[in-house]
Amino acid sequence: MTSLNNPASAGDVQFDTFLYGAPPLAYPVSLSQYAIYNTPDPAYITGRINVSAFANLGASTPWPFSNTNVPLNGHVCVPHGRGPFPLAVFAHGNHNPFENSTPGYLYLCQLLASHGIIAATIDVNFLNGSNFGENDGRAIVHLEHLKQFRTWNNTAPHPLHGKVDLNRILIVGHSRGGEAVGHASFFNRLASIGGVLLDGSAGLGPYRFGLSAVAAIAPTDRQFTPVSGPTVVPDSYYVIHGSQDSDVFTFEGYHTYERAHSVDLANPTVSDGKFRAMLWVHKANHNQFNSIWASETPPGVAMPRASQEEIAKVHLGALAQAVLLDRAGYMDVLRDHGAAVAWDPAGAEFVSQYQDPERLFIQHNQEGLTVPVVSLPVQGTVATDNVVATRQLTALVGGAPTTTITLRLVWNALGSRLLLRVDPSTLPAQVYKTLVLRVGQSTEANNAANRDQDFTLEVSSGSRTAAIPASSLHRLLYPDPPPFGPAKIVMQTLRLPVERLVKCGVDPIDLRSIALVFDRRATGTVYVGDLQCSN
Amino acid sequence: MQPPKPPKITAVEVIAAQPTEADSAAIAHLSAELNRSLPQVVNVVKVRLKTKPPATSMGWALYVNDVLIPKYWEYNDGIYFTILDPQFFAEHKGKRLRFSQNGVDFYDSGVKLPAPAAASKSKSKAAKSKAAKSKTARLPLQADVLK
């Protein structure tokens, strides 16, 4: 990591910030915070769009337009130079519509622009208020902003002509905007939604942008559900959420995360080529990711705002540099938040997960609520010794019922173990870089409060066994008590390098068993998501 | 901190209104899906609240018994949603309005969905069809209904 710079530090690229908008607009005095969009930069004039098929505007907010002609307003930071530059577009979520939420991500836009990324934050305030179910509309607005950048990129006299790399786009949304980016990723491939054409004939679409990744900050989930079922994000997906979030107080985005790039039981070895990554931030709250929004938690509950913004800059900065600027080294931060320890605020605690596109499940647990088995095409057996192993549809993070099965392991004696014996001819571990396990502890009574859980991972080939303490790979934190409701059980991805096994004499070509040996804590309950060979 | 409390409903009324252009397109789409004609009427269900829920992201999903109302919007005195298919009232009138944040835990408002005045009247299909055009023109605009 020494060769990489702190992604939260400003780069050396100069940039300008422009307001864009769709005049004529005349916001009333009560909406004076939006008056800045009355006079956008003359080079950055946009059009209006009709979102009436998706959303109404709050009838108690005096917007100077209707849902048939909402403006495309925003702030964009444009790097100096010829480009083409990748594009990142941020969207806020639901909030008091009399307060302009849009500038709240300028701190992130400015960071990205300084590294050579065109970065915008968009106005979706007209969909804010005491409403529900409008997140498809938010997604359409987000995509239409991307379309605006494509139009500028394709318009000869425009300052952005030829400067936007339309195959390198990151969309980021916060809160309901975070749910919406998932829908946007899904809509991006569609020619219509219901009876609404997205082919441009009625003004909306076409889209089909090259989305490098979709990032959600403390998102909601399933407030809008397509007729085809809950949205499965088809692009690489990243989600960040705070343990002290008192708005989206269940980890809704985790449900989105679990649906994305999950195992296809019919084709378990087939990958769609996308990654997913998650960061659970202890002591972060909801509103402090937006620099405008007042904190929703009482003083002293959440980490300081500056720390939370710094964490957003480190981790979203790393994501952006990795996927938009091909600085692959920053993927290490997604794979393991420990790679950012020198950059994150001192004392900040995290839980993270990462699933690589190149993976082979050894045990994914999605075969059903049966006894645990080794997952096909890997062949083997599962045995327990003083461990109660139960597959459950446990809502680890609260909220709506989950459809993802986890394996619950309970032990009450030192030396208890879960043992997977595998047929080495069905497990080509040598072609992967890591052995990966997702595991997390709960607040159940047999886990000591506020103490890290731990066990030993024993991996054997023939007569050689490597015994690796889980704690040497990562801390398994005790859940952070939430502002209300039950504590969330957030599993940590443990990544054991195959190279480390080789150094212990384990031959990955002849990998015969993997055991979780509970020899470091006398009692405990942990939840296991899956076990993979992965890169 | 305390978890958010569901909104309290003080009254519900259903008012027939003129469809917007988007409503008309939705009515046509729904009609084709259902394979039956639907009237060019939008029933606006106004749910008057003691206090509107704060404009946060989590929000409260509104159900009529177990049926999720997929979208609702804000007006001065509360929230409203629209119903395009009158059959909805035939199936759900008298059922309780409930709020939930997770689809598991429900809060019963104690208030029932009323039937629209027009839907409770019995008219022949032909008579309905004949009167439909002029009736639609006589209906108030949704913007007026929401004042």
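Trainee: How many residues does the contact take from chain B and from chain A?
Mentor: The model is predicted. On the chain B side, α1, β3 and β5 are the elements that give two or more residues. The contact as a whole takes 31 residues from chain B and 35 residues from chain A.

Trainee: Which element gives the largest share of the side of chain B that touches chain A?
Mentor: Three elements of chain B give two or more residues there: α1 (21-34), β3 (61-64) and β5 (73-75). The residues of this side divide into 18 nonpolar, 9 polar and 4 charged. The largest share is 5 residues, and it comes from α1(B).

Trainee: Which strands of the open sheet in chain B stand at the edges?
Mentor: The sheet has 4 strands in the order β1-β2-β6-β5, with antiparallel pairing. A strand at the edge has a single partner strand, so one side of it is left without a neighbour in the sheet. In chain B that applies to β1 (9-17) and β5.

Trainee: What phi does B:Gly103 have in the turn of the hairpin?
Mentor: Strand β7 (residues 96-100) of chain B is joined to β3(B) by 4 bridges, with B:Ala61 opposite B:Ser100. Another 4 bridges join β7(B) to strand β8 (residues 106-112) of chain B, where B:Arg96 has B:Lys112 as its bridge partner. β7(B) and β8(B) form a hairpin with 5 residues between them, and in its turn B:Gly103 has a positive phi of about 75 degrees.

Trainee: Which residues does A:Leu319 touch, not counting residues up to four places away in sequence?
Mentor: With residues up to four places away left out, A:Leu319 touches A:Ala213, A:Ala215, A:Tyr238 and A:Leu334.

Trainee: How many residues of helix α4 of chain A are buried?
Mentor: The helix covers residues 252-259, and its buried residues include A:Glu252, A:His255 and A:Arg259. These buried residues pack against α3 (176-187), β10 (211-217), β11 (237-242) and β12 (276-281) of chain A. Just after α4(A), A:His261 takes a positive phi of about 55 degrees. The helix is mostly covered, and the buried count is 8 of its 8 residues.

Trainee: Which element gives the most to the side of domain 1 of chain A that touches domain 2 of chain A?
Mentor: The C-alpha centres of the two domains lie 34 Å apart, and the contact takes 30 residues from domain 1 and 29 residues from domain 2. On the domain 1 side, α4 and β13 (350-355) of chain A each supply at least two residues. That side divides into 10 nonpolar, 13 polar and 7 charged residues. With 5 residues, the element that gives the most is β13(A).

Conventions: Residues are numbered from 1 along each chain as its sequence is written. Chains are lettered from A and ligands numbered from 1 in the order in which they are written. This is a predicted model: local features need pLDDT of at least 70, side-chain atom pairs count only at pLDDT 80 or more; totals for chains, interfaces and linings use all residues. Two residues are in contact if their C-beta atoms, placed from the backbone, lie within 7 Å. Ala, Val, Leu, Ile, Met, Phe, Trp, Tyr, Cys and Pro count as nonpolar, Asp, Glu, Lys and Arg as charged, and the others, Gly among them, as polar. Two strands pair if DSSP finds at least two bridges between them. A residue is buried if 20 or more other C-beta atoms lie within 10 Å of its own, exposed if 12 or fewer, and partly exposed in between; C-beta atoms are placed from the backbone. Domain bounds come from an automatic or database domain assignment.
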